[in-house]
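Colleague: Before we discuss this model, could you put the sequence and the structure up, so that we can go through them by question and answer?

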Amino acid sequence: MNLKRIFGAILTILGIVGLIYAAVTFANESAGAKQMIVFGSLGLLFFLAGIGLVRTTKDEV
């Protein structure tokens with residue numbers, strides 16, 4: 001059980017949720033530009049950090 005990979009997967013899922021939320025608020029025009037930028041940038045940050053953590057972590061036997 002590799003804790004770094006699990007944490008990377010959680011970060012990736014949180015990033016996807018943040019990006020989807022930003023896209024939905026953009027499509028519905030129900031939020032201000034500041035809120036969409038914050039959720040979009042945080043989602044992108046979490047997504048990229050999670051993908052990078054999963055990619056660079058080696059499997060332990």
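Modeller: Bear in mind throughout that this is a predicted model.

Colleague: Which residues form the aromatic pair, and is it stacked or edge-to-face?

Modeller: The partners are Y21 and F39, whose ring centres lie 4.8 Å apart. Planes over 60 degrees apart count as edge-to-face, and the planes of Y21 and F39 make an angle of 75°. The pair of Y21 and F39 is therefore edge-to-face.

Colleague: Which parts of the chain does the pair tie together?

Modeller: F39 belongs to helix α2, which covers residues 33-56, while Y21 belongs to helix α1, which covers residues 3-28.

Colleague: Are Y21 and F39 buried, partly exposed or exposed?

Modeller: Buried would require a relative accessible area under 20%, and exposed one over 50%. Y21 has 39%, and F39 has 32%. Y21 is therefore partly exposed, and F39 is likewise partly exposed.

Colleague: What is the secondary structure of the chain, and is the chain a compact globule or more spread out?

Modeller: The chain comprises two helices and zero strands. Its radius of gyration is 14 Å, well over the 10 Å that the globule rule gives for 61 residues, so the chain is more spread out than a compact globule. Along the principal axes, its C-alpha atoms fill a box of roughly 50 × 15 × 10 Å.

Colleague: Which residues does L11 contact, leaving aside its neighbours within four places in sequence?

Modeller: L11 lies in helix α1, and at 14% relative accessibility it counts as buried because the cut-off is under 20%. Its C-alpha atom is 23 Å from that of K34, which is 23 residues away along the chain. With sequence neighbours within four places left aside, the contacts of L11 are F46, F47, A49 and G50.

Colleague: Which residues of α2 are buried, and against which helix do they pack?

Modeller: Helix α2 has 24 residues and spans 34 Å from its first C-alpha to its last, close to the 34 Å expected at 1.5 Å a residue. Its buried residues are M36, G40, G43 and G50, and the helix against which the buried residues of α2 pack is α1.

Colleague: What share of the contacts with a separation of 6 or more comes from residues 24 or more positions apart?

Modeller: Buried residues make up 23% of the 61 residues in the chain. Among contacts with a separation of 6 or more, the share from residues 24 or more positions apart is 74%.

Note on methods
Residues numbered from 1 in each chain as written. Predicted model: local features only at pLDDT ≥ 70, side-chain atom pairs only at ≥ 80, totals over all residues. Heavy atoms only, no water. Phe/Tyr/Trp six-rings, centres within 6.5 Å; stacked < 30°, edge-to-face > 60°. Helix = DSSP H or I, 4+ residues; strand = E, 2+ residues; numbered from the N terminus. Buried < 20%, exposed > 50% of the residue type's maximum accessible area, 1.4 Å probe, protein only. Rg over C-alpha atoms; globule rule 2.2 N^0.38 Å. Contact = heavy atoms within 4.5 Å. Expected span 1.5 Å × (residues − 1).
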